[in-house]
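Please keep the sequence and the structure in view while reading.

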Amino acid sequence: METSQARVVLSELVGDPRLVLVTGKGGVGKSSIARLIALIAQAGGLKPLLVLFDEFGGESDGVEQVILLPDAVMLEYLETHGFGPLAQRLLKSGVIDAVSTAIPGIRDLLVLAKIKQLVKSEIYDLVLVDAPASGHLLSLLSSPAGLSAIASDGPVAQQSADVIDLLRDQELTGVVLVTLPEETPVQETTEVYTHLTTSLATHVLSCIVNRMPAMVDLRDDLAFGSAEQRANYYLASRANFARVQAHAVRERLPIPTFQLPYVEQASQPTQAAQSLYDQTDTWRMFG
C-alpha cells in the first residue's frame, strides 16, 4: 500500500488521534483489527505502538508492541516511587494483592496511567490498544472516576484526574468498536456505544463489521433438493442475514462503519491482519 493511500485509509478509520482503543465482544477479531490499524499506520509513514494486555494478541510482524500485565505495571510503579528492592518482595508476599483488594480499581488505573505515559512520551505517533473485551473495557475505563470519588487528594487522585482528561480528550483519544454480522454482537455493540458516549463521555471513532461472508445469490438453475441447491440456499441465506445485521449497525450508530471480509486464519491475529491489509480494496465503508 502506498504511503498516501495508507494515510487516507487510516484517516477514514480513526481520524487523527494519538490513542486508539480497539474493543468488541470476545471472539469478534478485535486483536486482528488493532494489528491491522497498526500496519496501515506504519505504511502511512507513522510510528505506531501496539499495546497488548496478554500474550495472545499475535506475534510481532514488524510493528513495535508492548505487553502490559497488571502485576508488572504495579511493580514498575513501586520501583519508580521509592520502593526499589522491596517491590518484588511486596509482590511475592501478597501485600500488593491485599492493597488491590482494599482499593478496587487501582490496578486498572495504573495500567491506564502507563498507557497515558506512552502517549505523552511522544515517541509514537499512534498508540493502539488491543483492549479487553467490551464488558471489561467499560469497567477499566470507569476505574479512574471511581477512584477519584474516594481519593480527593494525593497521587491516586492526580493520576485519576490525568487519565480522565486523556480519555475524554476527543482530539487525542478514541475507541474503535469491532463486531460481527450477527444479532448478539450487534446488540452488544449498540449498548457499548451508548455507554461509552454517555456515561464515559468517550469518543467512538468507527465501527468495524468484521468477517462478512462472501455475497452469494440464490440460483434457480439447480435441481430442487439437490446437495448443490441446499448449499446454495444456505450460503445465500447466510450472506443475506449478514447484510441485514450490517445494515442494522449503520442504522443504529451515527459513526463511520466498515465491512471487512472473512479471511482465512481469522482466529490468528497476525495472519488475519496481514490478509485484511492485502485486501484493503475490498472493504466497504459507510458513513
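The axis of a helix is here a line fitted to the C-alpha atoms over the stretch in contact, and the angle between two axes runs from 0 to 180 degrees between their N-to-C directions. The structure is a predicted model.

**Helix 9 and helix 10**

- Helix 9 spans residues 183–197 and helix 10 spans residues 227–252; their axes come within 10 Å and cross at roughly 5°.
- Because angles under 35 degrees count as roughly parallel, helix 9 is roughly parallel to helix 10.
- On the side of helix 9, the contact is made by Glu-183, Val-186, Gln-187 and Thr-190, and on the side of helix 10 by Phe-241, Gln-245, Ala-248, Val-249 and Arg-252.
- Sorted by class, this contact between helix 9 and helix 10 holds four nonpolar, three polar and two charged residues.

**Helix 6 and helix 8**

- Helix 6 (residues 106–120) packs against helix 8 (residues 155–168) at an angle of about 60°, and their axes are 10 Å apart.
- This angle makes helix 6 oblique to helix 8.
- The crossing of these two helices, helix 6 and helix 8, is left-handed.
- Helix 6 contributes Ile-106, Leu-109, Leu-112, Ala-113, Lys-116 and Val-119 to the contact, while helix 8 contributes Val-156, Gln-159, Ser-160, Asp-162, Val-163, Leu-166 and Leu-167.
- In terms of class, the contact of helix 6 with helix 8 comprises nine nonpolar, two polar and two charged residues.

**Helix 1 and helix 2**

- The axes of helix 1 (residues 3–14) and helix 2 (residues 30–43) come within 7 Å and cross at roughly 140°.
- Helix 1 and helix 2 are therefore oblique to each other.
- Helix 1 passes helix 2 in a crossing that is left-handed.
- The residues in contact are Thr-3, Ala-6, Val-9, Leu-10, Leu-13 and Val-14 of helix 1, together with Ile-37, Ile-40, Ala-41 and Ala-43 of helix 2.
- The contact of helix 1 with helix 2 has nine nonpolar residues, one polar residue and no charged residues.

**Aromatic rings**

- A pair of aromatic rings is described by the distance of the centres and the angle of the planes.
- A search of the whole structure finds zero such aromatic pairs.
- Arg-250 lies over the face of Phe-286, at a distance of 4.0 Å from the ring centre.

Technical notes. Residues are numbered from 1 along each chain as its sequence is written. This is a predicted model: local features need pLDDT of at least 70, side-chain atom pairs count only at pLDDT 80 or more; totals for chains, interfaces and linings use all residues. Side-chain values use heavy atoms; hydrogens and water are left out. Rings of Phe, Tyr and Trp (its six-membered ring) pair if their centres lie within 6.5 Å; planes under 30 degrees apart count as stacked, over 60 as edge-to-face and the rest as tilted. A charge sits over a ring if NZ of Lys or CZ of Arg is within 6 Å of the ring centre and within 35 degrees of the ring normal. Helices (H or I, at least four residues) and strands (E, at least two) are DSSP runs, numbered from the N terminus. Angles under 35 degrees count as roughly parallel, over 145 as roughly antiparallel, 65 to 115 as roughly perpendicular and the rest as oblique. A crossing is left-handed if the near helix is turned anticlockwise from the far one by less than a right angle, and right-handed if clockwise. Contact means heavy atoms within 4.5 Å. Ala, Val, Leu, Ile, Met, Phe, Trp, Tyr, Cys and Pro count as nonpolar, Asp, Glu, Lys and Arg as charged, and the others, Gly among them, as polar.
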